[in-house]
Structure formats: C-alpha cells, structure tokens
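Colleague: I have just opened this entry and would welcome a short tour. Could you take me through it?

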Amino acid sequence: LGDRWRLSQILSWQSSAAIVAGDANAAHALGSEGRDLSDLIGDRIGSRQCRLAVAYAQLWQGDLTGAAARFGDLVEQEPDADVFTSLSLKGLGDALAYQGDVS
C-alpha cells in the first residue's frame, strides 16, 4: 500500500517475535530491514526495537563483539530508562560476560 510507517511497525514486531521464538536468523534479517526503513522515515521507536532484535540475534549467533557494540550503542543513544534500555543493558551484560569481562 506504500504505507512505510505501518511496514516499519510490522517489521519491528516481527523482529521481536523472532527473538521470542528463538529464531536468530529471522530476527537479524527482519530487524535489519526494519531498522533501515525506520531510520529512513524517522521512526525512532521502531528503529530501537529493530536494533535490539539485531543485537540479540548477533549475541545468539556468537558475534559477541558486534552484539556488545550494538547493545552499548542502544544504551548510549537513549540513556533514559525505558524497556529498550533495560533489555539492552541485560544483553550487554550477557555479551561482556561471555567474553570473560565480568567487571
């Protein structure tokens, strides 16, 4: 229909659903597509939701350095406490711990 905002919402929720389902490949693909579209149209919330899905996908795929960087970016971009910040801090802690950085 050409409704880019609605498509960004669909991709955001599909990427989150893929994370809940444990499908890292789908989460990465949907999250990347949704992030790019959300950034294009200025949908900040959709972009954060998709970035979070991509970060968790990277974590589960063993890209610990990439995941830690993405989680860190999410925390730095929006330091206000919201659900994305909380989930990003949790993911960042996991990625760093798996790398042996427990401090």
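This is a predicted model: local features need pLDDT of at least 70, side-chain atom pairs count only at pLDDT 80 or more; totals for chains, interfaces and linings use all residues.

Colleague: Which residues touch the most other members of the largest nonpolar core?

Modeller: They are Leu-52, Tyr-56, Leu-59 and Phe-71, in a core of 17 residues.

Colleague: What is Tyr-56 in contact with, leaving aside neighbours within four places in sequence?

Modeller: Tyr-56 is then in contact with Ile-19, Phe-71, Leu-87, Lys-90 and Gly-91.

Colleague: On to the pocket. How much space lies in the largest one?

Modeller: The largest pocket holds about 230 Å³. Its lining has 13 residues, and Ser-16, Gln-49, Leu-52, Phe-84 and Leu-87 lie nearest the centre.

Colleague: Which elements give two or more residues to that lining?

Modeller: Helix 1, helix 3 and helix 5 do, and helix 3 gives the most, with six residues. By type, the lining divides into 11 nonpolar residues, two polar and no charged.

Colleague: Now helix 4. What does its buried side pack against?

Modeller: The buried residues of helix 4 pack against helix 3 and helix 5. Those buried residues are Gly-66, Ala-67, Ala-68, Phe-71, Gly-72, Leu-74 and Val-75.

Colleague: What span should helix 4 have?

Modeller: Its 14 residues, at 1.5 Å a residue, should span 20 Å, and the end C-alpha atoms are 20 Å apart, which agrees.

Note on methods. Residues are numbered from 1 along each chain as its sequence is written. Side-chain values use heavy atoms; hydrogens and water are left out. A nonpolar core is a set of buried Ala, Val, Leu, Ile, Met, Phe, Trp, Tyr and Cys residues joined through side-chain atoms within 4.5 Å. Buried means under 20% relative accessible area, exposed over 50%, partly exposed in between (1.4 Å probe, protein chains only). Contact means heavy atoms within 4.5 Å. On a 1 Å grid over the protein atoms alone, a cavity is a set of points where a 1.4 Å probe fits but cannot get out, and a pocket is an open set with protein on both sides within 12 Å along at least five of seven lines; lining residues have an atom within 4 Å of a point. Grid points are joined across faces, edges and corners, and a volume is the space filled by probe spheres set on the points. Helices (H or I, at least four residues) and strands (E, at least two) are DSSP runs, numbered from the N terminus. Ala, Val, Leu, Ile, Met, Phe, Trp, Tyr, Cys and Pro count as nonpolar, Asp, Glu, Lys and Arg as charged, and the others, Gly among them, as polar. The expected span of a helix is 1.5 Å times one less than its number of residues.
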